[in-house]
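This report describes the pockets of one protein and the surroundings of its ligand. Please keep the sequence and the structure in view while reading.

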Amino acid sequence: MISILDFTRDDLEKLFEETDNMRKRLDEGNVPKILSNSIIALAFFEPSTRTRMSFETAAKRLGANTISFTSEEAISVSKGESFADTIRMLDGYSDLIIVRHKYEGAALFAAEIAKAPVINAGDGKQHHPTQAMLDLYTIRYLKGTVDDLVIGVLGDLKYGRAAASFLLGLTHFRPRRIYLISPQELKLRPEIKELLMERGLNIKELNSLVDVLPELDILYVTRIQKERFPDLREYEKVKGSYRISSKLLFSLAKKDLKILHPLPRVDEISYDVDSTSFAAYFTQARLGVPLRMALLKLILLGGES
Ligand code: NCD
């Protein structure tokens, strides 16, 4: 599982139905331990909170065991061991490998080395397919559909893989219009923009949220990806350049606007938004567990229950 583009709309609908099922099972406290024979490796070469912990929670809820590391410093890569050798080891120990890495292509490389299935938990600045699945599922959960909506994507569209993957995921659906809102320096990279247009998305780029905020059904916000800037002086120039407050939302947004954010948040959404009905990012994070449960089940057991 490398890119959200490897899936079809039908695959995603099937995943979403299984996620509904897992959500129900969790609510009822009735989760079958269908993965009790599985060991899942969490190979996180780059920091993570939600992705790693929701995968781990999902695995454990279904009865699987996990083995994991959470940084390169913690494993023998720090002694000079290669990425390939590390993956070969994990392939010998586990039934499924979940990889996060700072370099794009790391998950695909791991999938070429390992016999076990590999899930990309975010590599480089383009792919984070399970986050995109979660984002799309959250919209379906909140709005009943992903089609016909006006969606704004605000923030670091240049370096943010969550935003890029979300946009690629939207190409499986028919949203009415997508606004790409970012400071000039953080515009979406042209190759992704072209891909979105080729795949039929109706997109418009702009620098300021205010003009389009009244139209939006969904606002997807991302942080500025400080760690991916080749030159920190460039980061300093754009730091703090957008911030959503409850005052802004109450004065301009539709009442049923929902705000998503892959998290972590830094300063782009002020804390006073959290207690409003606009905030959906903690719901989104919570839904990461049933979604990843459904994914693990479909990958390890196929369609059977
Ligand atoms: C994102 C990531 O790592 O790409 N976080 C996540 O997985 N929820 C977004 C980010 O770090 O900004």
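## Pockets and ligand surroundings

The lining of the second largest pocket is made up of 2 nonpolar, 3 polar and 7 charged residues. The model discussed here is a predicted one. The second largest pocket has a volume of about 220 Å³, and among the residues that line it are Phe45, Glu46, Lys102, Glu227 and Arg228.

The largest pocket has a volume of about 440 Å³. It is lined by 28 residues, of which Arg100, Arg161, Arg223, Leu263 and Pro264 are the closest to its centre. The largest share, 4 residues, comes from α10. By type, the lining of the largest pocket divides into 9 nonpolar, 11 polar and 8 charged residues.

The ligand is surrounded by residues including Thr51, Arg100, His128, Gln131, Arg161 and Arg223.

| Protein atom | Ligand atom | Distance |
|---|---|---|
| Threonine 51, polar side-chain atom | oxygen | 2.9 Å |
| Glutamine 225, polar side-chain atom | oxygen | 2.8 Å |
| Proline 262, polar backbone atom | nitrogen | 2.9 Å |

Taken alone, the ligand exposes 320 Å², and the protein buries 94% of that area.

How values were computed
Residues are numbered from 1 along each chain as its sequence is written. This is a predicted model: local features need pLDDT of at least 70, side-chain atom pairs count only at pLDDT 80 or more; totals for chains, interfaces and linings use all residues. Side-chain values use heavy atoms; hydrogens and water are left out. On a 1 Å grid over the protein atoms alone, a cavity is a set of points where a 1.4 Å probe fits but cannot get out, and a pocket is an open set with protein on both sides within 12 Å along at least five of seven lines; lining residues have an atom within 4 Å of a point. Grid points are joined across faces, edges and corners, and a volume is the space filled by probe spheres set on the points. Helices (H or I, at least four residues) and strands (E, at least two) are DSSP runs, numbered from the N terminus. Ala, Val, Leu, Ile, Met, Phe, Trp, Tyr, Cys and Pro count as nonpolar, Asp, Glu, Lys and Arg as charged, and the others, Gly among them, as polar. A residue is near a molecule or strand if one of its heavy atoms lies within 4 Å of it. A polar contact is a pair of N or O atoms within 3.5 Å; within protein, one must be able to donate a hydrogen and the other to accept it, and residues adjacent in sequence count only if both atoms are side-chain atoms. Accessible areas come from the Shrake-Rupley method with a 1.4 Å probe; for residues, only the protein chains shown count as cover.
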